[in-house]
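My notebook is open and the viewer is loaded. Here is the protein I am looking through today.

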Amino acid sequence: MQIHFISDLHLCADRPALTAVFERYLAGPARAAARLYILGDLFEYWAGDDDLDDPLNTHVAGLLADLAESGCQVFFMPGNRDFLIGADFAARARLQLLAEPARIELGNEAVLLCHGDSLCTDDLAYQAFRSQVRNPAWQAQFLGQPLAVRKQVIAGVRMKSEEAKSEKAAAIMDVNAEAVIALLREHGVHQLIHGHTHRPADHQVDVDGSPGQRRVLADWRDKNGTAGGEVLVWADGKLSRQPLR
């Protein structure tokens, strides 16, 4: 049995090559998985489930539903780009929504899953923004606006976000080591899998004298004419990274 973990695909109409890689993954390697966990930012942005008729959104939902039909359980944890994904998309894609953080079992070991942005606690401005947009009252007010207006607002936020990133030190946008340890301690686990930072690596951590690991998922990229991604695969009792092209 295999279990797959992916995140940060940032699918959008402007990156058809990445969508093609995702199609081939779901039709091929994903069919060997009993479970697939998508840990956020599947889409570049999500304006609301009433945008399901968008051709890309409909296509991706259908691809995931087809994978679920094959027998693979699909789980989705919202990221900072697609936290507005809700029950309608979940039903169309036949996936289960996961609250963050989520604790699962890999073999005999407990593992904690999260998108990762909540751990970037040094970025105070972002954390304030995150707290605002994750508030149910704010989301209800935002989703009450016309879809076209929401898309305009999101485009503006994305532009400001890119400008802010260029002015911030790289370390500020990475996870805070103490926040990681505190999260693992709170949930009584020593293993963490997350995405968001676009810095794939396996980090050794110390949780009150006990060794642990923090595994960062890779983002999917479409650069210089080459599109590809990576899947973290649990099989035969161990985790390994499998590149996709």
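Below are my entries, one topic at a time.

**Ground rules.** I'm working with a predicted model, where local features need pLDDT of at least 70 and side-chain atom pairs count only at pLDDT 80 or more, while totals for chains, interfaces and linings use all residues. I number residues from 1 along each chain as its sequence is written, and side-chain values use heavy atoms, with hydrogens and water left out.

**Entry 1: His 115.** I looked up where His 115 sits, and found it in the loop between strand S6 (109-114) and H4. Helices (H or I, at least four residues) and strands (E, at least two) are DSSP runs, numbered from the N terminus. Is His 115 buried or exposed? His 115 counts as buried because its relative accessible area is 0%. For that label, buried means under 20% relative accessible area, exposed over 50%, and partly exposed in between (1.4 Å probe, protein chains only).

Next I checked what the side chain of His 115 reaches. The backbone oxygen of Leu 39 is 2.8 Å away from it, and there is a polar contact with the side chain of His 196 at 3.3 Å. A polar contact is a pair of N or O atoms within 3.5 Å; within protein, one must be able to donate a hydrogen and the other to accept it, and residues adjacent in sequence count only if both atoms are side-chain atoms. Leaving out residues up to four places away in sequence, His 115 touches, among others, Asp 8, Asp 41, Asn 80, Glu 100 and His 194. Contact here means heavy atoms within 4.5 Å.

Entry 2: His 196 has a positive phi of about 80 degrees, although it is not a glycine. With a relative accessible area of 16%, His 196 is buried. His 10 also has a positive phi, near 55 degrees. I found His 10 in the loop between strand S1 (2-6) and helix H1 (16-27), and it is buried at 6%.

**Entry 3: a cis bond.** Which residues does the cis peptide bond join? It links Glu 100 and Pro 101, with omega at about -5 degrees. Pro 101 is in the loop between strand S4 (96-97) and strand S5 (102-106).

**Entry 4: cysteines.** I counted 0 disulfides, taking a disulfide as a pair of cysteine sulfur atoms within 2.5 Å. Cys 12 is buried at 12% relative accessibility, and Cys 72 is buried at 4%.
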